[in-house]
Amino acid sequence: MSKDNKPIGPSQRMLRVGELVRHALAAMFARGEVDDDALRGAVVTVPEVRMTPDLKIANAYIMPLGGLHAEEIVAALNRHRKFIRGRVAPQINMKFAPEMRFYVDDTFEEAGRIDALLRSDKVQKDLDDEDGETH
């Protein structure tokens, strides 16, 4: 909690609804319900769905297997987001279905970049102690 008693980060409800939407999207993509040339034969994973505090927008981060054609797949999903919203709505059992927005998940790239930085010579030199031993 911050000084003014507002929670920092997503609420439990935002996290729970995000997981419900994520599971509904993953099942839908596994069944191949979205008919688009860009999605044919693509295995799409949904690592995370972030909800806005009012639960009206679901930001879904997706990554195709192998990371190939990610931008094309995101564009195709955004073209079909009204259809997807209509298919997800009955599965999440909410009064109002959230608007869907799709983005490429770049957490693996970011993790790789951080790992490369940590393994760099400059950082390794900082990790050496006075005796010349590494930790």
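**Notebook: loops, salt bridges and a pocket**

I began with Leu55, which I placed in the loop between β1 and β2 (57-64). The model is predicted, so I kept to its thresholds: local features need pLDDT of at least 70, side-chain atom pairs count only at pLDDT 80 or more, and totals for chains, interfaces and linings use all residues. Residues are numbered from 1 along each chain as its sequence is written, and side-chain values use heavy atoms, with hydrogens and water left out.

**Entry 1: backbone angles.** For Leu55 I noted a positive phi of about 60°, although Leu55 is not a glycine. Most residues other than glycine have a negative phi. Leu55 is buried, at a relative accessible area of 7%; buried means under 20% relative accessible area, exposed over 50%, and partly exposed in between (1.4 Å probe, protein chains only). I then looked up His69, a residue other than glycine whose phi is also positive, near 60°. His69 sits in the loop between β2 and α2 (70-79).

**Entry 2: fold.** I counted five helices and three strands in the chain. Helices (H or I, at least four residues) and strands (E, at least two) are DSSP runs, numbered from the N terminus. Along the sequence the order reads α-β-β-α-α-β-α-α. Of the 135 residues, 28% count as buried. I also took the contacts (heavy atoms within 4.5 Å) between residues at least 6 apart in sequence, and 59% of these join residues at least 24 apart. The chain exposes about 9700 Å², of which carbon and sulfur atoms supply 53%; the areas come from the Shrake-Rupley method with a 1.4 Å probe, and for residues only the protein chains shown count as cover.

**Entry 3: salt bridges.** How many salt bridges does the structure hold? I recorded eight, each a side-chain nitrogen of Lys or Arg within 4 Å of a carboxyl oxygen of Asp or Glu. Asp35 and Arg40 form one of them at 2.8 Å, N to O, and both residues are exposed. Salt bridges with shared partners join Arg31, Glu33 and Arg87 into one network. Within it, the side chains of Arg31 and Glu33 meet at 2.4 Å, N to O, and those of Arg87 and Glu33 at 3.3 Å, N to O. Arg87 lies in helix α3 (residues 81-92) and Glu33 in the loop between α1 (12-31) and β1 (44-51), so this pair ties together parts that are 54 residues apart in sequence. I found Arg31 partly exposed, at 48% relative accessible area. Glu33 is partly exposed at 22%, as is Arg87 at 41%.

**Entry 4: helix α3.** I placed Lys82 in helix α3 and found Lys82 exposed, at 75% relative accessibility. Lys82 and Arg101 are 19 residues apart in sequence, and I noted 9.9 Å between their C-alpha atoms.

**Entry 5: largest pocket.** I recorded a volume of about 160 Å³ for the largest pocket. On a 1 Å grid over the protein atoms alone, a pocket is an open set of points where a 1.4 Å probe fits, with protein on both sides within 12 Å along at least five of seven lines; lining residues have an atom within 4 Å of a point. Points are joined across faces, edges and corners, and the volume is the space filled by probe spheres set on them. Which residues line the largest pocket? I listed Arg13, Asp54, Leu55, Lys56, Arg85, Met94, Lys95, Phe96, Ala97 and Glu99. The lining divides into four nonpolar, no polar and six charged residues. Here Ala, Val, Leu, Ile, Met, Phe, Trp, Tyr, Cys and Pro count as nonpolar, Asp, Glu, Lys and Arg as charged, and the others, Gly among them, as polar.
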